[in-house]
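Student: I have a new structure to get to know. Can you walk me through it?
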Amino acid sequence: MPLAFKCFRQAQHAESDKHQAREDLDELSGDDLAEDTAHGHRQEAGEDQRRRGAKEDGKGRFASGGKGEGGELGLVPQLGQEDQGEGGDDGLPIKEHEDDCTCNGRKSQPPPSLPKGSPAGIMPGMRVEAFERLVAEWLRLEDFKAADRALNGLQVASSKTELEKIAFAVDASLESFRRACEWGADLLFVHHGLFWGEALPVTGVHYRRLRELLLRDLALFAAHLPLDAHPELGNNAGIAAQLELQDLEPFGAYHGVKIGLKGRFPRSNTLDEVVERLCGGARSCPGVLPFGPQNIQTAGVVSGGEAEEVMQAIEEGLDLFITGESSHIIYHHCLEARINVIFGGHYLTEVWGVKRLAEKIRSATGLQTAFLDIPTGF
Ligand SMILES: [Zn+2]
């Protein structure tokens with residue numbers, strides 16, 4: 001999300017077989033997608049609720065979120081919180097790497113023969129180029145070039161030509177890089193990548209992050225707005241499914257592209273009921289503005305740091321607006337416009353997309369996937 005970008009900037013400181021595989025992938029339909037992800041929605045919800053550690057401020061408003069506890073995921077392999085990386089004086093790992101050595105000790109090998117019964121009949125290894133094309137098509141990366149300042153796609157390459165293990169995380173960071181390599185990932189997929197539309201000197205944090213990726217021979221792929229907006233795989237789609245919103249329509253225009261969703265509840269809900277379903281209860285919800293109708297029938301959802309999008313929710317007469325991060329400046333406007341707002345946490349409203357894509361890639365390609373849970377409390 002755009003505000004996420006701001007936050008990050010502040011903080012920063014056999015060929016024929018392969019052709020057939022690509023054709024098989026191209027034939028995957030939206031129905032496949034919905035079926036693959038339906039099971040994941042239910043598990044995501046329960047795990048996210050347990051993971052949240054936010055505290056109330058006494059009024060149940062604007063309480064700051066606490067760091068999650070991590071946990072097991074049924075959806076995709078869940079890695080532990082313990083870490084990782086031996087670290088040098090500057091906190092960076094000091095490892096000798098052979099020129100042809102991967103970070104998990106596996107060397108480049110010819111792709112194995114096609115296993116019987118693998119999902120979609122596809123070999124476990126996939127060429128990097130095929131992965132790029134597949135994800136770009138699924139997430140419609142081209143459609144967001146004008147609206148998204150983020151560099152969507154392969155941000156950092158590695159020496160590997162074949163991928164077997166893909167790790168997923170919300171944020172590009174030294175921790176996510178190290179944990180991805182501890183798991184043996186060939187590529188890390190993130191929602192918040194390293195490049196945001198402006199030239200950056202390769203110094204400081206940016207240098208150390210790039211050095212980590214290059215030394216560990218870990219590729220980095222990022223998808224920002226496309227992963228918020230995707231109608232089935234996206235963050236907002238995940239939240240809408242969790243809340244069982246119906247009659248979904250695009251909502252929340254950003255640079256001319258609607259990246260959120262709005263919809264109608266199958267029955268009216270109280271704010272507490274929505275908070276319970278989204279966050280697992282008020283104590284786990286970073287913030288609530290209970291200023292709107294008690295019987296909530298409609299909601300607009302924009303994941304991440306999009307508090308200002310509440311203005312669109314007000315204009316459209318919605319009963320409830322849901323986003324990730326809170327904002328002081330919208331308080332009185334929401335009070336006077338009489339709208340309910342839930343600040344579900346930037347991180348916690350943006351784990352949906354990476355989890356859904358991880359499951360989709362695993363089920364469709366047979367590649368191994370893992371979600372790295374690294375909550376920030378925001
Ligand atoms: Zn974000």
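This is a predicted model: local features need pLDDT of at least 70, side-chain atom pairs count only at pLDDT 80 or more; totals for chains, interfaces and linings use all residues.

Student: Okay. How many helices and strands does the protein have?

Tutor: There are 12 helices and 13 strands.

Student: And what share of the residues is buried?

Tutor: Of the 378 residues, 47% count as buried.

Student: Let's go inside. Which residues touch the most other members of the largest nonpolar core?

Tutor: F168, L188, L220 and I342 do. That core has 87 residues. At least three of its residues come from domain 1 (2-57 + 70-225 + 351-371), and at least three from domain 2 (229-343).

Student: Take F168. What is in contact with it, apart from neighbours within four places in sequence?

Tutor: F189, V354, L357, A358, T369, A370, F371 and L372 are.

Student: How many residues of β4 are buried?

Tutor: Seven of its seven residues are buried.

Student: Which way does β4 run against β5, parallel or antiparallel?

Tutor: Parallel, with five bridges between β4 and β5 (residues 187-192). In one of those pairings, D171 has H192 of β5 as its bridge partner.

Student: What holds strands together like that in general?

Tutor: Strands of a sheet pair through backbone hydrogen bonds.

Student: What do β4, helix α5 and β5 make?

Tutor: They make a right-handed β-α-β unit, with α5 covering residues 174-183.

Student: Why is α5 called largely enclosed?

Tutor: Because seven of its 10 residues are buried. They are L174, S176, F177, R178, R179, A180 and C181.

Student: On to α6. Is R216 buried or exposed?

Tutor: R216, which is in helix α6, is buried because 23 other C-beta atoms lie within 10 Å.

Student: What about D217? Where is it?

Tutor: D217 is in the loop between α6 and β6 (219-222). D217 is buried, with 20 other C-beta atoms within 10 Å. Its phi is near 55°, a positive value in a residue other than glycine.

Student: Which other non-glycine residue has a positive phi, of about 50°?

Tutor: H255 does. H255 is in the loop between β7 and β8.

Student: Is H255 buried or exposed?

Tutor: Exposed, because H255 has 12 other C-beta atoms within 10 Å. The limit for exposed is 12 or fewer.

Student: New topic. What is the strand order in the open sheet of six strands?

Tutor: The order is β7-β8-β10-β11-β12-β9, and the pairing is mixed. β7 (246-254) and β9 (287-290) are the edge strands, each pairing on one side only. From one strand to the next, the twist averages 20°.

Student: How do β8 and β10 pair, parallel or antiparallel?

Tutor: Antiparallel, over five bridges between β8 (residues 257-269) and β10 (residues 296-301). N269 has I296 as its bridge partner in β10.

Student: Which strands of the sheet does α8 touch?

Tutor: α8 packs on the sheet and touches β7, β8, β10 and β11 (320-323). Its direction makes about 5° with that of β8.

Student: And α9? Which strands does that helix touch?

Tutor: Helix α9 (residues 271-279) touches β8, β9, β10, β11 and β12 (340-343). The direction of α9 makes about 20° with that of β12.

Student: Last one. Where does H230 lie?

Tutor: H230 is in the loop between α7 (225-229) and α8 (235-242). H230 is buried, with 22 other C-beta atoms within 10 Å. Not counting residues up to four places away in sequence, H230 touches L139, A237 and G353.

How values were computed
Residues are numbered from 1 along each chain as its sequence is written. A nonpolar core is a set of buried Ala, Val, Leu, Ile, Met, Phe, Trp, Tyr and Cys residues joined through C-beta atoms within 7 Å. Domain bounds come from an automatic or database domain assignment. Two residues are in contact if their C-beta atoms, placed from the backbone, lie within 7 Å. Helices (H or I, at least four residues) and strands (E, at least two) are DSSP runs, numbered from the N terminus. Two strands pair if DSSP finds at least two bridges between them. A crossover is right-handed if, with the strands pointing away from the viewer, the path from the first strand over the helix to the second runs clockwise. Axes are lines fitted to C-alpha atoms, for helices over the stretch in contact, and angles run from 0 to 180 degrees between N-to-C directions.
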